[in-house]
Amino acid sequence: AEVQFHRSMNQQGMEQMVHLARIRIAKGGTLDFAPGGYHMMLMGRRHALKPGQRVVLTLDFDDGSHQTVELVVKGANGT
């Protein structure tokens, strides 16, 4: 499966989801993933994920480092 980053934004009264090729985070900074903001979507999966399931992903960074994380799947409303 492919992981895509998206950000939900309200532009001119219209809720839009924008695909982001990359996300820049300042060294030592943080980024919150939350409904109505930044989120990750797993594309091309053969089976749907259900809220509460756990997924292991490896994130690749521009400096060549990698970090494996375990995430809990949440629905669009954050639960």
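Analyst: Strands are DSSP runs of E with at least two residues, helices are runs of H or I with at least four, and both are numbered from the N terminus. By that rule the elements of the protein chain run β-β-β-β-β from the N terminus on, with 0 helices and 5 strands. This is a predicted model, where local features need pLDDT of at least 70 and side-chain atom pairs count only at pLDDT 80 or more, while totals for chains, interfaces and linings use all residues. Residues are numbered from 1 along each chain as its sequence is written, and side-chain values use heavy atoms, leaving out hydrogens and water.

User: What makes β4 and β5 a pair?

Analyst: Two strands pair if DSSP finds at least two bridges between them. Here 7 bridges join β4 (residues 54–60) to β5 (residues 66–72), so they count as a pair, running antiparallel. V55 stands opposite L71 in β5. Their hairpin has 5 residues between the strands, and G64 takes a positive phi near 90° there.

User: How many residues line the largest pocket, and which are the closest to its centre?

Analyst: The lining has 40 residues, and F5, F33, H39, M40 and L71 are the closest to the centre. By class, 23 are nonpolar, 10 polar and 7 charged.

Notes:
On a 1 Å grid over the protein atoms alone, a cavity is a set of points where a 1.4 Å probe fits but cannot get out, and a pocket is an open set with protein on both sides within 12 Å along at least five of seven lines; lining residues have an atom within 4 Å of a point. Ala, Val, Leu, Ile, Met, Phe, Trp, Tyr, Cys and Pro count as nonpolar, Asp, Glu, Lys and Arg as charged, and the others, Gly among them, as polar.
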